[in-house]
Amino acid sequence: MTAPLVEVEQLQTYFPIRRGLLRRVVGNVQAVDGVSFSIARGKTLGLVGESGCGKTTVGRSILRLVEPTGGRVAFDGLAVRDLRGRDLRNLRRRMQVVFQDPYGSLNPRMTVRALIEEGLIIHGLGSARERVDRVVRAMERTGLSRQALERYPHEFSGGQRQRIAIARALVLEPDFLVLDEPISALDLSIQAQVVNLLIELREQLGLTYLFISHDLSVVEHVSDEVAVMYLGRIVERATAAALYAQPLHPYTLALFSAVPTVDPARRRRRIVLVGDVPSPSNPPRGCRFHPRCPLAESVCREVDPPMVSLPEHAVHCHVAARELARSGGNASVAAATIAALLADRATPPTATLSPG
Ligand SMILES: Nc1ncnc2c1ncn2[C@@H]1O[C@H](COP(=O)(O)OP(=O)(O)OP(=O)(O)O)[C@@H](O)[C@H]1O
Ligand code: SF4
Ligand SMILES: [Mg+2]
């Protein structure tokens with residue numbers, strides 16, 4: 001097996017909270033607190049979880065758009081956090097990002113040509129003529145015609161603007177893209193086109209993706225593996241097939257139960273979680289999900305659940321660990337038991353859960 005392209009180990013990113021005249025640090029938002037995963041070359045890891053759980057911060061920390069507080073990030077074997085100057089610039093060319101908002105992320109005063117060319121100029125790549133060729137090639141790859149070269153972003157629809165943003169990333173011939181909610185701001189009718197384009201580009205160019213989205217169906221469609229985040233941590237991670245067929249973590253089950261589905265095998269009783277997500281500046285001790293978990297036991301309030309690993313599946317939960325042990329490691333049996341327990345215990349509606 002080849003080495004993963006991206007490896008993240010115990011990543012921590014805290015944001016200081018400052019107060020008073022002297023802007024003294026009085027605490028930290030623990031946006032990401034001990035996240036580990038790897039992504040093989042050419043594969044896609046989907047990242048899901050409620051708003052504010054730290055998905056964007058994971059993506060930005062890998063790219064060093066924010067400085068991580070701790071942990072290790074390796075890209076193609078390079079220790080990302082140790083790189084400086086030219087080495088960091090070279091690495092940044094190989095790792096690009098596409099944001100949610102194609103309106104806010106494109107400077108309205110720049111033409112499409114200037115927008116896509118900008119990265120090539122910053123990185124000192126190619127002569128003026130070569131740069132135009134590369135710009136046109138990137139536009140063609142994303143389905144934009146060269147007639148668009150001298151036009152401005154406001155002349156385009158949301159879907160086409162997102163194609164411009166993707167071309168802007170692709171022109172640098174990266175290996176890895178962080179796609180942070182790349183379709184959430186688009187009309188439903190064009191979301192599928194952009195998703196299909198991203199899949200095609202991954203296949204044609206051998207790209208590797210971190211795909212952040214609150215749309216669980218799209219994540220399943222695009223991803224090889226999926227990680228579920230809650231309050232700065234990954235609580236469950238598995239191949240997309242294993243996670244969607246046999247979710248083991250109560251939080252994952254609650255997220256999935258909120259998604260309408262036509263597939264009777266997937267239809268689950270809605271699990272309504274009580275209470276708000278606690279503040280990431282003061283996360284609960286023990287299992288961070290315990291204040292909202294219908295299955296919480298006394299151990300959950302005290303002891304951080306360790307990871308239990310199966311070949312295609314990893315989960316941090318005391319009850320899941322016990323059910324896996326009881327079933328001899330049979331995820332399907334354990335998942336069915338946990339789903340039944342949750343259906344019994346999930347409380348009547350007092351708060352709703354919205355993924356993303
Ligand atoms: N620059 C920053 N300074 C201070 N706090 C921040 C900063 N960026 C993010 N946070 C906080 O870190 C936590 C995680 O935020 P993040 O944007 O990573 O979440 P997210 O999962 O991407 O949410 P969403 O689904 O809404 O995009 C939140 O509590 C957020 O308020
Ligand atoms: S460890 Fe306990 S509180 Fe946390 S998810 Fe599992 S059952 Fe719920
Ligand atoms: Mg985000």
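Biologist: Over how many bridges do β4 and β5 pair?

Modeller: This is a predicted model, and what I say is computed from it. β4 and β5 form a hairpin with two residues between them. A74 stands opposite A79 in β5. The pairing is antiparallel, and the number of bridges is two.

Biologist: Which residue in the turn of that hairpin has a positive phi?

Modeller: The turn lies between β4 and β5 and holds two residues. The phi in question is about 50 degrees, and the residue is D76.

Biologist: Which strands are the edge strands of the open sheet of four strands?

Modeller: The order in this sheet is β2-β1-β4-β5, with antiparallel pairing. An edge strand pairs on one side only.

Biologist: In β4, which residue is the bridge partner of E9?

Modeller: Strand β1 covers residues 6-19 and strand β4 covers residues 70-75. They pair in the antiparallel sense over five bridges. In β4, the partner of E9 is R72.

Biologist: What angle does the direction of helix α1 make with that of β1?

Modeller: Helix α1 (residues 55-62) packs on the four-stranded sheet. The strands touched by the helix are β1, β2 and β4. Relative to β1, the angle is about 110 degrees.

Biologist: Which element supplies the largest share of the shell around ligand 1?

Modeller: Ligand 1 is surrounded by 13 residues, and the closest are F15, A31, S51, T56 and T57. The shell divides into five nonpolar, seven polar and one charged. β2 and α1 each supply at least two of its residues. The largest share is three residues, and the element that gives them is α1.

Biologist: How many residues of the shell around ligand 2 are charged?

Modeller: Here too 13 residues surround the ligand, with C287, H290, C293, C300 and C317 the closest. Ten residues of this shell are nonpolar and three are polar. The count of charged residues is none, or in the words of the tally, no charged.

Biologist: Which element gives the most to the side of domain 1 that touches domain 2?

Modeller: The domain assignment gives domain 1 (6-223) and domain 2 (246-345). Eleven residues from domain 1 and seven residues from domain 2 take part in the contact. On the side of domain 1, the elements that give two or more residues are β2 (24-39) and α7 (216-222). With five residues, the one that gives the most is β2.

Biologist: How far apart are the centres of domain 1 and domain 2?

Modeller: The centres are taken over C-alpha atoms. The separation is 30 Å.

Biologist: Which residue is the bridge partner of V228 in β10?

Modeller: Strand β9 (residues 225-230) pairs with strand β10 (residues 233-239). The sense is antiparallel, over six bridges. The partner of V228 is E236.

Biologist: Which helices do the buried residues of α3 pack against?

Modeller: In helix α3 (residues 112-122), the buried residues are V112, L115, I116, E117, G119 and L120. The helix is followed by G124, whose phi is positive, near 60 degrees. The buried residues pack against α4 (128-141) and α5 (158-170).

Biologist: Which residue with a positive phi follows α11?

Modeller: Helix α11 (residues 318-326) has H318, V319, A320, E323 and L324 buried. What covers them includes α10 (298-302), β11 (307-310), β12 (313-316) and α12 (331-345). The residue that follows α11 has a phi near 65 degrees and is G328.

Note on methods. Residues are numbered from 1 along each chain as its sequence is written. Chains are lettered from A and ligands numbered from 1 in the order in which they are written. This is a predicted model: local features need pLDDT of at least 70, side-chain atom pairs count only at pLDDT 80 or more; totals for chains, interfaces and linings use all residues. Domain bounds come from an automatic or database domain assignment. Two residues are in contact if their C-beta atoms, placed from the backbone, lie within 7 Å. A residue is near a molecule or strand if its C-beta atom, placed from the backbone, lies within 6 Å of it. Ala, Val, Leu, Ile, Met, Phe, Trp, Tyr, Cys and Pro count as nonpolar, Asp, Glu, Lys and Arg as charged, and the others, Gly among them, as polar. Two strands pair if DSSP finds at least two bridges between them. Axes are lines fitted to C-alpha atoms, for helices over the stretch in contact, and angles run from 0 to 180 degrees between N-to-C directions. A residue is buried if 20 or more other C-beta atoms lie within 10 Å of its own, exposed if 12 or fewer, and partly exposed in between; C-beta atoms are placed from the backbone.
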